[in-house]
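The sequence and the model come before the entries.

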Amino acid sequence: CESAITNINWTLTRSLCAENSPYFETGARLTYSMNSKWTFAALVLNGWQNIVDNNSNKAGGTQIVFVPSDKITINSSSFVGEGRNLPDGQVRLRYFHDLYAIFQLNDNLAATILLDNGFEEKFDSISEASWMTYMALLRYKPSENFAICFRFERFLDPAGVIVSTGTPGNYQVSGLSMNVDFSPAKNVLLRVEGKTFSSVDDIFPKGKDVLSDKNFLLTTSLAVGF
């Protein structure tokens, strides 16, 4: 539910679900729009976030978009295939599903909820390992040139499939953020976002050779479109 163009997104910084799912997919896509409410797509891909095809393994994907009204959009996307771009003969299948829904609650208020879930086969001595991300956003836009967005997110990867900290069973990160957007003109956007993370492990740099289980970021941007 995030675009590569930051200004289109509700938040200034990328979410944990975006960082831990493919930024891009390379391959072929076939899309069929049954009507104004249902759209289906099937994909044949080089792999998990892989531009150059470095083996004979192919991956597949699907997408279903359901728009029951102009106030609700539901998306279901999936990935099935070798997930680590390993050489031929070293297949480790990965299954991934992305589900999110966007609700326009009224003229000024909108919400998004998301659940990502993935599984991978033959991870070390484990027959199957999994990870999960969930997120909720609430956006208030009282006028065309002003908006506020709140975000809660959580990423769980106990087997270290996507991110490994060296402590199996402990990779859990939660995040809270709030950003304020101000657009004084149609092609100008000023954004400020405060975001805090907390983790079970000490994974965030705090100083020289010092790690912490908490982190805080204050980010700002000024974008001008032409």
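The entries below follow the order in which I looked things up.

**Model.** I am working with a predicted model.

**Cysteines.** I searched for disulfides and the count came to 0. Cys-17 has a relative accessible area of 5%, so I logged Cys-17 as buried. Cys-149 is at 1%, and I put down buried there too.

**Aromatic pairs.** I ran the ring search over the whole structure and got 9 aromatic pairs. I took Trp-38 and Phe-66 from the list: the ring centres are 4.2 Å apart and the planes meet at 25°, so this pair is stacked. The cut-off for stacked is under 30 degrees.

Next I checked Phe-155 with Tyr-171. This pair is edge-to-face, with 5.6 Å centre to centre and 75° between the planes. Phe-155 belongs to strand S8 (residues 146-156), while Tyr-171 lies in the loop between S8 and strand S9 (172-185). The two are 16 residues apart, and the pair again links distant parts of the chain. Phe-155 is buried at 1% relative accessible area. Tyr-171 is buried as well, at 12%.

I also noted a cluster: ring pairs link Trp-48, Phe-79, Phe-96 and Trp-131. Arg-94 lies over the face of Trp-48, 4.7 Å from the ring centre.

**Largest pocket.** I read off a volume of about 750 Å³ for the largest pocket. Its lining has 31 residues, and Cys-1, Pro-22, Glu-25, Ser-77 and Asp-98 are the closest to the centre. Which elements give two or more residues to this lining? They are helix H1 (16-19), strand S1 (27-33), S2, S3, strand S4 (72-82), strand S5 (93-104) and strand S6 (109-123). S4 gives the largest share, 4 residues. By class I wrote down 14 nonpolar, 11 polar and 6 charged residues.

**Second largest pocket.** I found a volume of about 270 Å³ here. The lining of this pocket holds 17 residues, with Glu-144, Ser-183, Lys-186, Val-188 and Leu-189 nearest the centre. Strand S7 (126-143), S8, S9 and strand S10 (188-199) each supply at least two lining residues. The classes are 6 nonpolar, 5 polar and 6 charged.

Notes: Residues numbered from 1 in each chain as written. Predicted model: local features only at pLDDT ≥ 70, side-chain atom pairs only at ≥ 80, totals over all residues. Heavy atoms only, no water. Disulfide = S-S within 2.5 Å. Buried < 20%, exposed > 50% of the residue type's maximum accessible area, 1.4 Å probe, protein only. Phe/Tyr/Trp six-rings, centres within 6.5 Å; stacked < 30°, edge-to-face > 60°. Lys NZ or Arg CZ within 6 Å of the ring centre and 35° of its normal. 1 Å grid on protein atoms, 1.4 Å probe; cavity = no way out; pocket = protein on both sides within 12 Å on 5 of 7 lines; lining within 4 Å. Points joined across faces, edges and corners; volume = space filled by probe spheres on them. Nonpolar A, V, L, I, M, F, W, Y, C, P; charged D, E, K, R; others polar.
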